[in-house]
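The sequence and the structure come next.

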Amino acid sequence: LIKAIIGCFLFAFAVNIFLVPNSLYNGGILGIAQLIRSLFINVLHIKTSFDVSGIINLLLNLPLFVLAYKFISKTFFRRSLVCVIFQTIFLTIMLMLFINIDVKAESLKENLKQAEYAKDELIVIFDDNVSNTTINKIVESKEADCEDIIKTDDSKIAQVTISSDDEMIDAIKSFDSVPSVELVQPNYKYGFNSLDGDYSAKVAYQYYLDNINVKQAWSLIESGTYYKTKVAVIDTGVDVHHKDLRKNLSSTSEYIATIGGKLLSKEEDADIHGTHVSGIIGATNNDFGVTGVASGNNNDLVEILAVGSSPDGESLYTLDIIEAIKYAKENGAKVINMSFGGLGRDRAMEKAIKDAYDSGIVLVAAAGNDAIDYFSSPSDFKEVISVNASNKYNQATYWSDYGLYKDITAPGSN
């Protein structure tokens with residue numbers, strides 16, 4: 001970092017002497033100002049997104065350009081523009097050379113502090129060209145065990161168990177040093193985004209049907225040619241015998257759970273949460289229970305593909321979520337619903353989500369229920385529609401997360 005700062009300062013000093021000829025003092029002052037701006041923008045880029053940092057970068061440079069063009073000279077304006085471009089390129093190279101590893105390490109430390117994860121498990125993503133035999137040899141060389149290897153479109157994901165005596169951050173750094181490793185991280189733990197409440201069927205709690213004009217939407221769809229949309233619900237599972245769901249379930253005899261690297265056949269929900277979420281989406285439009293927002297006037301608009309990913313009904317892990325997304329994609333899901341989340345950026349899950357998005361799947365996730373403005377996985381990935389919660393008065397609930405990465409608000413209270 002010190003090398004990067006010194007290098008950037010010297011470069012900024014030199015280009016601004018060129019920018020302001022015959023004025024060493026003014027050139028130096030301008031150089032310092034530009035250096036501070038550049039460092040600020042690059043830190044912002046690391047912490048936020050290219051769009052945000054790019055816009056702020058433009059706004060910070062705008063006064064300089066206007067001043068140069070209006071009050072000094074067009075030559076000054078042109079030189080200023082050239083210097084900003086070269087300075088940005090140089091600073092980027094310096095950051096890549098000297099502080100990229102440090103930034104990754106600090107980001108990792110921060111994630112490990114705030115996130116929950118399986119204490120002795122790693123997710124290691126290899127290039128698709130690496131053979132399973134080679135992967136096993138690499139894992140063995142790190143004195144770890146390879147439990148499973150998952151094949152995706154363009155990579156291989158290894159589920160690795162490390163010794164309980166190993167420090168997580170040291171194990172990650174060790175695998176990260178292998179050239180064929182694309183990404184390595186803990187197997188993060190996630191909770192379901194729901195508050196304690198009454199899940200029973202009460203007409204007063206179905207205000208959402210009117211608030212978002214559900215029946216008008218059904219009529220609009222049904223006025224033309226339409227087909228059932230398959231919606232995968234990655235959650236605790238589903239009660240396949242629930243009479244208010246059976247008509248719109250993919251299977252009324254079983255659902256698949258992706259747990260511990262295995263595809264398991266199940267009938268009962270590991271908790272009530274998955275059945276509850278499936279009901280909000282696709283409960284049968286009849287005289288019993290509630291009505292799902294996507295069921296339609298004739299119960300022919302949606303097909304629910306329930307995918308269980310929770311071993312205990314309370315939590316779920318990155319690797320199981322990746323398997324669930326892969327399963328949903330391979331089984332024709334057009335939409336994936338994820339009513340769970342956790343703080344921090346999960347790069348392995350993000351990769352799986354991007355693959356699904358690139359294949360044409362719409363991904364939707366709950367924004368979170370902690371009343372905070374903080375990046376959350378999976379809702380805040382750019383490929384995912386992040387949904388805040390509102391009440392029957394169309395006002396945001398006091399407990400819903402908020403911030404730049406959230407996309408829309410929809411009924412979610414009671």
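## Basis of the description

Helices (H or I, at least four residues) and strands (E, at least two) are DSSP runs, numbered from the N terminus. This is a predicted model, in which local features need pLDDT of at least 70 and side-chain atom pairs count only at pLDDT 80 or more, while totals for chains, interfaces and linings use all residues. Residues are numbered from 1 along each chain as its sequence is written, and side-chain values use heavy atoms, with hydrogens and water left out.

## The chain as a whole

The chain has 12 helices and 15 strands. Of its 414 residues, 45% are buried; buried means under 20% relative accessible area, exposed over 50%, and partly exposed in between (1.4 Å probe, protein chains only).

Among contacts (heavy atoms within 4.5 Å) between residues at least 6 apart in sequence, 69% join residues at least 24 apart.

## Two packed helices

Helix H11 (residues 318-330) packs with helix H12 (residues 347-358) at an angle of about 5 degrees, and their axes are 9 Å apart. H11 is therefore roughly parallel to H12, a term for angles under 35 degrees. Axes are lines fitted to C-alpha atoms, for helices over the stretch in contact, and angles run from 0 to 180 degrees between N-to-C directions.

Residues of H11 that meet H12 include Ile-321, Ile-322 and Ile-325. On the H12 side, Met-349, Ala-352 and Ile-353 are among the residues met.

Asn-213 sits in the loop between helix H8 (208-211) and helix H9 (214-222). Its phi is near 55 degrees, a positive value in a residue other than glycine. Asn-213 is partly exposed, with a relative accessible area of 40%.

Ala-371, in the loop between E12 and E13, also has a positive phi, of about 55 degrees, although it is not a glycine. Its relative accessible area is 34%, so Ala-371 is partly exposed. Pro-378 lies in the loop between strand E13 (376-377) and strand E14 (384-390), and the peptide bond from Ser-377 to Pro-378 is cis, with omega near 5 degrees.

Definitions and conventions. Parallel < 35°, antiparallel > 145°, perpendicular 65-115°, else oblique.
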